[in-house]
Amino acid sequence: MPDRLRRVIAALTSRPVVKGAFLVFFVWISARLLAFASWARGEGPYVPRPEAVAGILPVGHFTSFFAWLKGGGWDTLLPAGLVIIIAALATSLLFKRGFCGWICPVGTVWEGAAALGRHLLGHNVRLPKWLDRTGMGLRYLIGIAFFGFVGMVSLAEAVGFRQLPYMWVADIKIIEGFGQPLFIVVILLAFVVSMLLGPVWCRYVCPLGALYSAVGLASPCAVQRDANTCIDCGKCSRICHAFVDVQHADVVRAVECDGCMDCVKVCPVPACLEAKVVGRTRIAPWVWPLLVVGLWLGIYAIAKLTGNWDTTIPDEAFRQIINSGLLEQTTPMF
Ligand code: SF4
Ligand code: SF4
Ligand code: SF4
């Protein structure tokens, strides 16, 4: 492959570009949802409701997801939420937390803050090992509490929850809440903390990340080190944003690895550090994100083409709910 083409492909498949694209897309669909709400209130032209914004309602859609697993049927009212959960689980299972590593826009914000902190301060402060381990354990406790809670909702309640008019417009309530002063202050504080300590939300709090980390343990793909050719330069461990000790691992099984490929790219010894499928077939660093994003888009395309993506709730029903005063009477719930 010519060098120039190689450089272009490397740039297009780099994490900032791929994750940045998903973040821009998320901001764009959020703006489209607000425009849809404006139309419903008679304040602007018609804009189709973007379904992908369902990703900001993990409580509601995971409740619906567990109801589906328990035999409560597919959510035909807001099916995009279930499709996003299935796609996140599939990318995490096959590609080591691929959703966190290459797609999640929330994680991108915190990683961006951490990168800015490294740029301005030279590094992110690493917590003492005992505190770091405790924090990581806390994330799994939060995950168990979260998924225990939504998983234990009775089938009847979960199915009824899908049919609540509030659930249909909760995404609008949340996105409109992003402009509230309290929310802005909290986000700014979290941004500063992430600049100093790295993406603390992802590492110590996020219950979804805990689930995707656990699922990623079963991934057939992992980074492998050839101890015979390794020169112990330590570059792989130093660059790892998840603080994985790659230099001393034969196979990177760490739950925190999100398949970012930074360690593979930085290794100076050819074929010493590589991503492989079941320890055999090599995956080039630029192919890994294409596989993750390809799987993600493939699941979306199947859902879209089979009628399992778009809502079946008529626009007129959204319009009536938005104008009923329901949004103003309730607090945001994810
Ligand atoms: S840990 Fe949570 S917020 Fe962070 S990237 Fe993963 S899912 Fe997104
Ligand atoms: S640098 Fe390597 S070990 Fe660390 S998260 Fe990325 S792929 Fe995983
Ligand atoms: S970067 Fe490569 S050569 Fe250096 S320690 Fe890591 S695996 Fe070994």
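Is R97 buried or exposed? With 31 other C-beta atoms within 10 Å, R97 is buried (20 or more other C-beta atoms within 10 Å of a residue's own count as buried, 12 or fewer as exposed, and anything in between as partly exposed, with C-beta atoms placed from the backbone). The structure is a predicted model, in which local features need pLDDT of at least 70 and side-chain atom pairs count only at pLDDT 80 or more, while totals for chains, interfaces and linings use all residues. Residues are numbered from 1 along each chain as its sequence is written, and chains are lettered from A and ligands numbered from 1 in the order in which they are written.

R97 sits in the loop between α4 and α5 (98–102) (helices are DSSP runs of H or I with at least four residues, strands are runs of E with at least two, and both are numbered from the N terminus). Its phi is near 55°, a positive value in a residue other than glycine. A positive phi, near 60°, is also found at F243, again a residue other than glycine. F243 belongs to the loop between α13 (235–239) and α14 (262–266), and with 18 C-beta neighbours inside 10 Å it counts as partly exposed. E316, in helix α16 (residues 315–322), is exposed, with 9 other C-beta atoms within 10 Å. The C-alpha atoms of E316 and I56 are separated by 23 Å, and the two residues are 260 apart along the chain.

The helix packing comes next. Two packed helices are described by the angle between their axes and the distance between the axes. The axes of α4 (residues 80–94) and α15 (residues 287–305) come within 10 Å and cross at roughly 150° (axes are lines fitted to C-alpha atoms, for helices over the stretch in contact, and angles run from 0 to 180 degrees between N-to-C directions). The two helices, α4 and α15, are therefore roughly antiparallel to each other (over 145 degrees; under 35 is roughly parallel, 65 to 115 roughly perpendicular and the rest oblique). On the α4 side the contact is made by V83, I86, A87, A90, T91 and L94, and on the α15 side by V292, L295, W296, I299, Y300 and A303 (contact requires C-beta atoms, placed from the backbone, within 7 Å). These residues divide into 11 nonpolar, one polar and no charged (Ala, Val, Leu, Ile, Met, Phe, Trp, Tyr, Cys and Pro count as nonpolar, Asp, Glu, Lys and Arg as charged, and the others, Gly among them, as polar).

Helices α2 (residues 15–40) and α9 (residues 165–177) pack at an angle of about 110°, with their axes 10 Å apart. That makes α2 roughly perpendicular to α9. Here S30, L33, L34 and A37 of α2 meet D171, I172 and I175 of α9, a set of five nonpolar, one polar and one charged residues.

The ligands complete the picture. Around ligand 1 are C100, C104, V106, G107, W201, C202, C206, L208, G209 and Y212 (a residue is near a molecule if its C-beta atom, placed from the backbone, lies within 6 Å of it). Two or more of these residues come from each of α6 (105–121), α11 (200–205) and α12 (207–216), and α12 gives the largest share, three residues. By class, the shell around ligand 1 has eight nonpolar, two polar and no charged residues. Of the 14 residues around ligand 2, C240, V244, C257, C260 and C263 come nearest, and the shell divides into 11 nonpolar, one polar and two charged. Ligand 3 has 14 residues around it, with C230, C233, K235, C236 and C267 nearest; its shell holds nine nonpolar, two polar and three charged residues.

Definitions and conventions: Contact = placed C-beta atoms within 7 Å.
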